[in-house]
Amino acid sequence: MKLGGAVLCLMALAAAAGCGTRSLTVDWPSWGNTAQNTHFASIGQVNVSNVDRLRLAWRRSEGPAQFSWETFPVVVGRTMYYTTGTDEVVAVDAATGSLRWSYQPQVDFLAGPAAGVLEPVNRGVAVGAGRVYAITYDDQLLALDARTGRRLWDVRVNDPGQGYVENSPPAYWRGELILGGPAGDSRLGGFVAAFDARTGRRQWRTHTAPAAGPRQHGGADVWMPPVVDPSAGTVYAATGNPTPAFNAAGRPGCNRWSDATIALDARTGRLKWGHTEVCNDSWDYDTDQAPALFDVRLDGRTVHAVGDGSKAGFYTTLNRRTGALIARSPELTRYSQPHLVPTRAGSVVCPGIYGGLEYGPAAYSPRTGDAYVTGIDMCMRYRLFSAAAIRRLAAGAGGLGGTATPVGPATGVIVSVDPATGTVLWRDPLPRPAAGGTLATAGGLVFAGDDDGGLYAFDAGTGRVLWRRDLGLRFGSAPIAYQVNGTEFIAVAAGGSSLRGDGAPGGGELFVFSLPR
């Protein structure tokens, strides 16, 4: 049964979650809001009946240097924490935007090879036990005092001189900081690692792929924050493509655990299971969304599940305990047939390396039982380097093994999927690519932005566009929702994009909306 917005708002009122109440303050305390990383806000003051009245409450400019601003703000105790593309950590009043403090770490952006990353990116912070934790481009893990911004400690996660790059925050769980890496198709081999949140001391590190070398491949990078099931003490992480990405000749079959969802013991790092979503990948089809945890109903019983999206364009739901496949959606974006492998002369393939379903998180609503994902319809021409050129690439110097250039128009899509069956419930085209991800709320709404500069509010049940605001900047992250003293706010960082060099304006702006008082 699918629930309409009015019913959702009544349910939210019954749960003291917001619809019109003027007394509550509700945080967005972690990267995905809930421990399950659902990007769902259980507040509904802004709902299907009044979202058309949303107006700008406040904004902050981070200047023209934010060419790819992909931060996901966190709100704890009326303070909003976010990062800039140059790794600055900023704390502001979540109701007014006034600055509380900022911290600019010393970062060497030229410490090593760029590892396939064209410019610095930082996707936010973790907050726990009165501290703010962030990671820098050159692999520093930082702990700051949440009240003052004073640096408490910093440690090196990796050696940036070898080509390691980091850009996504850790997950905080029971005194541990759990993070993944590296970013950038570096041929260095992916990993998940845990650090003591009090001291920064490393506790464990688990590799997701063999190191680069003769008859071996790297890859399986962990691009986005891992997620910890608080009841089972299990870490779930999504991994990227094997390398060299465009040439599978030396790595036939399934390259585990690349393009996969993996589960590890949160205390030891021991691998519990892995499920590879794309075998014999020759197209850079990462499983790069941070996984979401939710329950589905199968044959009359409740099953704990984990879901995430693939750049091949489909959404996968797995049994959280065993890794067994529950459902897989059809391709939600254009998928070329026949699906050609890259060649020296060039092969046009859809989707290209920008997705499919990109890194931007899906939102899962426990009110509707549906997942909401954004995607990119974009074809590319893949050209392989010669085998000799691939062999000459040093680890850390980039692992695509060729080039990929856009072919034809690039558009976007937002889709509602039943994760229990993979069924598409509704699908809306968007004029430009949508990489940043989605927010779902108890008000029966789904929010997302695209590279056309539009921030949208959709009816969660039907997909109908209820509100659109042209902000003039592209979106590289998803909106969030929180409440301060009874006022609900919708916030989003604009100025990032999956596309580069297409002439669109740069710069970064944090926009925060609310209903008129």
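**Notes on a predicted model**

Start with Arg 78, which is partly exposed, at a relative accessible area of 28%. Partly exposed here is the range between buried, under 20% relative accessible area, and exposed, over 50%, taken with a 1.4 Å probe and protein chains only.

Before going on, the ground rules. This is a predicted model, in which local features need pLDDT of at least 70 and side-chain atom pairs count only at pLDDT 80 or more, while totals for chains, interfaces and linings use all residues. Residues are numbered from 1 along each chain as its sequence is written, and side-chain values use heavy atoms, with hydrogens and water left out.

Strands here are DSSP runs of E, at least two residues, and helices are runs of H or I, at least four residues, both numbered from the N terminus.

Asn 280 is another case: this residue is not a glycine, and its phi is positive, about 55°. Asn 280 sits in the loop between strand 18 (271-276) and strand 19 (292-298). With a relative accessible area of 32%, Asn 280 is partly exposed. As background, most residues other than glycine have a negative phi, and most peptide bonds are trans.

Gly 181 and Pro 182 are joined by a cis peptide bond, with omega about -15°. Pro 182 belongs to the loop between strand 12 (176-181) and strand 13 (191-196). A cis bond also runs from Cys 350 to Pro 351, where omega is near -5°. Pro 351 is in the loop between strand 23 (347-349) and strand 24 (363-365).

Now the chain as a whole. The protein chain has 2 helices and 34 strands. Of its 517 residues, 64% are buried. Take the contacts, meaning heavy atoms within 4.5 Å. Among those between residues at least 6 apart in sequence, 60% join residues at least 24 apart. The chain exposes about 17,800 Å², and carbon and sulfur atoms supply 52% of that area. Accessible areas come from the Shrake-Rupley method with a 1.4 Å probe; for residues, only the protein chains shown count as cover.

Two strands count as paired if DSSP finds at least two bridges between them. Strand 12 and strand 13 pair in the antiparallel sense over 6 bridges. One of the partners to look at is Val 192 in strand 13, which bridges to Gly 180.

Thr 234 is part of strand 16 (residues 234-238). Leaving out residues up to four places away in sequence, Thr 234 touches residues including Val 227, Asp 229, Ala 263, Leu 264 and Lys 272. Thr 234 and Arg 321 are 87 residues apart along the chain, and their C-alpha atoms are separated by 9.1 Å.

Last, the disulfides. A disulfide is a pair of cysteine sulfur atoms within 2.5 Å, and by this rule the count comes to 2.

Cys 254 is joined to Cys 279, with an S to S distance of 1.6 Å. That link of Cys 254 and Cys 279 is right-handed, with 70° about the S-S bond. The pair links distant parts of the chain, 25 residues apart: Cys 254 is in the loop between strand 16 and strand 17 (260-265), and Cys 279 is in the loop between strand 18 and strand 19. Cys 254 counts as partly exposed at 45% relative accessibility, and Cys 279 is partly exposed with a relative accessible area of 38%.

In the disulfide of Cys 350 and Cys 379, the sulfur atoms are 2.0 Å apart. The torsion about the S-S bond of Cys 350 and Cys 379 is about 100°, so this disulfide is right-handed. Cys 350 lies in the loop between strand 23 and strand 24, and Cys 379 in strand 25 (residues 370-384), so the pair ties together parts that are 29 residues apart in sequence. Both Cys 350 and Cys 379 are buried. Cys 350 is also the residue whose peptide bond to Pro 351 is cis.
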